[in-house]
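Please open the structure in your viewer and keep the selection tool at hand.

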Amino acid sequence: PQSTKAVLYPNPTKDLLQFYLDSYQDIDEVEIFNIEGKSTRLEYKQNNAIFELNISRFNPGIYFLKIKCGD
C-alpha cells in the first residue's frame with residue numbers, strides 16, 4: 001500500500017486544527033487519542049484540500065490523530 005503523509009497545523013492549538021494530505025484521499029474516519037489511549041471519533045469539515053477539526057472541547061494535553069483512508 002502507498003503511504004500518505006498528513007500535515008497538521010497549527011501545533012499546538014486549542015480550537016481549530018487543520019490538516020491536508022500530500023495526496024488526495026477519501027477519508028473514512030478521524031479519531032483522536034489522549035495519552036492514556038482513550039479515543040474519540042471526530043467530525044471534520046472539508047474545504048477543498050484542507051480538513052478542519054474543532055478540538056475546543058478537549059482538555060489541554062498531548063493527543064494523537066488517526067486518519068483512516070480506504071484500506
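This is a predicted model: local features need pLDDT of at least 70, side-chain atom pairs count only at pLDDT 80 or more; totals for chains, interfaces and linings use all residues.

**First stop: the largest pocket**

The largest pocket holds about 380 Å³ of space. Then select strand S7, residues 63-68, which contributes three residues, the largest share of the lining.

**Second stop: the nonpolar core**

Next, select Leu17, Phe19, Leu21, Ile27, Val30, Ile32, Leu42, Phe51, Leu53, Ile55 and Phe58: these eleven residues make up the largest nonpolar core. At least two residues of this core come from each of S2, strand S3 (29-34) and strand S6 (50-54). Which strand gives the most to the core? It is S2, with three residues. As general background, nonpolar side chains in soluble globular proteins tend to be buried together.

The structure contains three aromatic pairs. Select Tyr44 and Phe51 to view one of them: the ring centres are 5.7 Å apart and the planes meet at 70°, so the pair counts as edge-to-face, because planes over 60 degrees apart are placed in that class. Is Phe51 buried or exposed? Phe51 is buried, because its relative accessibility is 3%, under the limit of 20%. Tyr44, by contrast, is partly exposed, with a relative accessible area of 29%.

Tyr63 is partly exposed, with a relative accessible area of 29%. Phe58 touches Ile32, Thr40 and Leu42 as well as Tyr63, when residues up to four places away in sequence are not counted.

**Last stop: Tyr20**

Finally, select Tyr20 in strand S2, residues 16-21. Tyr20 counts as partly exposed because its relative accessibility is 33%, a value between the limits of 20% and 50%. Which residues does Tyr20 touch, not counting residues up to four places away in sequence? They are Lys5, Ala6, Val7, Tyr9, Ala49 and Ile50. Select Leu8 as well: Leu8 and Tyr20 are twelve residues apart along the chain, and 6.9 Å separates their C-alpha atoms.

Notes. Residues are numbered from 1 along each chain as its sequence is written. Side-chain values use heavy atoms; hydrogens and water are left out. Helices (H or I, at least four residues) and strands (E, at least two) are DSSP runs, numbered from the N terminus. Buried means under 20% relative accessible area, exposed over 50%, partly exposed in between (1.4 Å probe, protein chains only). Contact means heavy atoms within 4.5 Å. A nonpolar core is a set of buried Ala, Val, Leu, Ile, Met, Phe, Trp, Tyr and Cys residues joined through side-chain atoms within 4.5 Å. On a 1 Å grid over the protein atoms alone, a cavity is a set of points where a 1.4 Å probe fits but cannot get out, and a pocket is an open set with protein on both sides within 12 Å along at least five of seven lines; lining residues have an atom within 4 Å of a point. Grid points are joined across faces, edges and corners, and a volume is the space filled by probe spheres set on the points. Rings of Phe, Tyr and Trp (its six-membered ring) pair if their centres lie within 6.5 Å; planes under 30 degrees apart count as stacked, over 60 as edge-to-face and the rest as tilted.
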